[in-house]
Amino acid sequence: MPEPANTHAPAPAAATTPTPPTRAAGGVGTPRPGGVGSSPTRPDAEAKANGAFDYASDLEFPGMLWGHTLRSPHPRARIRAVDPAAALAMPGVAAVLTAADVPGKRHYGLIEADQPVLALDEVNYQGEPVAIIAADTLDLARLAAAAVTVDYEVLEPRCDPEAAVEAGDYFRYQPVRLGDPDAQEPAAVVTREYVVGMQDQAPLGPESGIAVPALDGGVELYVATQWVHADLEQLAPCLGIEPDRIHMAIAGIGGAFGAREDLSVQVHMAMLALATGRAVKMMYDRAESFVGHVHRHPARMRYEHAADADGKLLYVKARIVLDGGAYASTTEAVVGNAASLAVGPYEVEHVTVDAWGARTNNPPCGAMRGFGGVQTCFAYESQMDALAEALGLDPLEFRRRNAVAQGSKLITGQVVDAYDPGRADRGRPFSPLADMLGRVKDIPVPPVPVGRDIVDLPGGTGNTTHGEGVRRGVGYGVGLKNVCYSEGFDDYSTARVRLELVDGETVAYVHTAAAEVGQGHWSLQAQIARTELGVDRVELLPNDTKAGSAGSSSASRQSYMTGGAVKAACEAVRERWRDRDLADGPIEATRVFRHRVTKPMDPVTGQGESHVQLALCVHRATVDVDVELGLVKVVDLTCVQDVGKIMNPVALEGQIHGGSAQGLGLAVMEEMITRDGRVMNASFTDYLIPTILDMPRMRLRIVENADPEAPYGLRGAGEPPTLSSTPAIVAAIRDATGLPLTQIPVRPEHLTAHLGRQP
């Protein structure tokens, strides 16, 4: 991001100076070119398109060393001894550090400080850091790591999350209790078990950064991260340095999706820089990245849904076991989300939910797009389809009969209250979901073309079929996702805005610590400043710890929270501008924005207004399935999403397409395979993610039901499509094959096993 030009130059006198907008404060008014509601060119677009953008992995400092991490090959083992002598004897090796060299606290963590900076007496997952090395080159650092001798006593890993729960070894247990399910007399009951595999965020940019020792004994870090202030909060105690002697700036980020919420290279390269007195760069390769960050929690779930003869849900019972892996990360919050969203956007008066986050020796799991809602959405949407079939009802009609409306209560007792209460449907409270279901129904399903090219069939250019054995299927999915942090977390964001004259031109400078992870937040900050201040030129200052915390670029929250902070700071500047002339000097304001207060879930009943905002998305998937070979091609994804307010149409479409792509990946291809705690497919050769050739045509219908408590009425948009796309695709495959399909990703063998053979 460019530094502002001539930031502190004296403002020249001018005969005429700009005046502030006269529109009502906070209103959008007539859309301004480049303002809210438009799609201006992103400030990073050209550099990213032509390859000139500096990602964290591109950074270099004169005389820098390369850092590398020695990791445990064992999922569970005691460490008897670590001998770095052979590595230290190698010319060009500057340092080898172990747990004994950690200068401060030896553990860190986002919620619970339980993860060792470097393994102490034992390792608890394959890939756990044991030692770190700094050397003149990366190749030498890797060779030195291989020369470090570690004496392990290998132990039997504990990898079964169900067994961990039974043994009481879990990070959190969260029940939800409502009514009396056992007292009901249903007309239909469906009980099934569901399995969700471990999905990786698979950011194309690896974990990377540079640490530079400072003259005052502190350190500067330039790193790809989602939450620079949370990094600082964990880092300072481990380094034994006061936070004000650590300066952290966000370097170019090549994707995130939750993978960059936890520390990775930060503390290790800072330790090496302080130990050697030289800049140290660390950059994971792809295999290391797969074990060096958290993943989506795999899940095992048992659901029982019951309804009466009229198609109204009577009760839901759910048992949800999420595998948190070896360390806590954000598992506690993920369990809360899974429990509170366990039934989705449907009215039901009798509920028993039990959700656990198990502790195992599998890879640690934490934040990933959807954050606990993805796993349960696959289960409850599959159940809604199965129950609709049992009752002989159309799946959309069954959902409509049970859809939440204005004034409805979720299973936690939270009232659906963020929609316009003045809207009604024939005297009934307005149901955004019922409206969206109607909209998706009105969009025609794509017809089966006559005489298709084989490239358009499952198997594509493999020439596996000319249409024989190919069946068309259609399925639906609905997702309900919370936005921002929940359960009483002090969620806030800070923004500083300065307005001044530079060579006679009015310039707005915006300074926040919000991470731009590819979602287009840099553009949005500038759009808000243009709208609120009526200026054309907006400069964004570097995202770093010199600004107050903006929270994480996760939970679909930055547009709401940092957008709200920028809007509030602009409003304050605009108000001061009314009584001042810019020729007399700059006008500056800093504002902290908070959303309404939330409450923790009750530990016994699960009741509580735990979420600040809820967002809905509906998908319809159309697929072709070769039922003989088990091959699937997603032909079309039609999506209706409520975003409250369209802030940037092009960026919004990109978020929906991207979320849908990750949902497609989980549905039919993406899974980290672990065997006895060991990762078996840590490469993009064996861990498959959708490419542009796998993504189908998408048709979008955007709904704007404004949230009266949110800035501009917006709703977070990045996560909901990740929830609903997966069950929609699997439902379409069920429709084509007639198979129950209770495990994702759906593999060819799941579709051909009934034929008595593997593809």
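The conversation below sets computed values against their definitions.

Guide: This is a predicted model, in which local features need pLDDT of at least 70 and side-chain atom pairs count only at pLDDT 80 or more, while totals for chains, interfaces and linings use all residues. Residues are numbered from 1 along each chain as its sequence is written, and side-chain values use heavy atoms, with hydrogens and water left out.

Visitor: What makes the chain as compact as a globular protein of its length?

Guide: The chain has 16 helices and 30 strands; helices (H or I, at least four residues) and strands (E, at least two) are DSSP runs, numbered from the N terminus. Its radius of gyration is 27 Å, close to the 27 Å that the globule rule gives for 759 residues, so the chain is as compact as a globular protein of that length. The radius is taken over C-alpha atoms, and the rule is 2.2 Å times the number of residues to the power 0.38. Along its principal axes the C-alpha trace spans about 75 × 75 × 60 Å.

Visitor: What share of the contacts with a separation of 6 or more joins residues 24 or more positions apart?

Guide: Such residues account for 82% of those contacts, a contact being heavy atoms within 4.5 Å.

Visitor: Which stretches have pLDDT below 50?

Guide: The mean pLDDT, the predictor's confidence in each residue from 0 to 100, is 94 for the chain, and 94% of its residues reach 70 or more. Over residues 1-16 the pLDDT is below 50, and this stretch has 22 contacts beyond near neighbours in sequence. Over residues 23-29 the pLDDT also stays under 50, with 16 contacts beyond four places in sequence. Where pLDDT is low, the predicted coordinates should not be read in detail.

Visitor: Why is Cys 484 called buried?

Guide: Buried means under 20% relative accessible area, exposed over 50%, and partly exposed in between (1.4 Å probe, protein chains only). Cys 484 has 1% relative accessibility, so it counts as buried. Cys 484 is found in the loop between strand E20 (470-483) and strand E21 (492-502). Buried residues make up 60% of the 759 residues in the chain.

Visitor: Which peptide bond is cis?

Guide: The bond from Ile 744 to Pro 745 is cis, with omega near 5°. Pro 745 is in the loop between strand E30 (743-744) and helix H16 (748-752).

Visitor: How do you know that Ser 554 is buried, and what does it touch?

Guide: Its relative accessibility is 15%, so Ser 554 counts as buried. Not counting residues up to four places away in sequence, Ser 554 touches Gln 226, Glu 261 and Tyr 485. Ser 554 and Cys 484 are 70 residues apart in sequence and 7.9 Å apart in space, C-alpha to C-alpha.

Visitor: Why is Gly 654 called partly exposed?

Guide: Gly 654 has a relative accessible area of 40%, so the term is partly exposed. Gly 654 is placed in helix H14 (residues 649-668).
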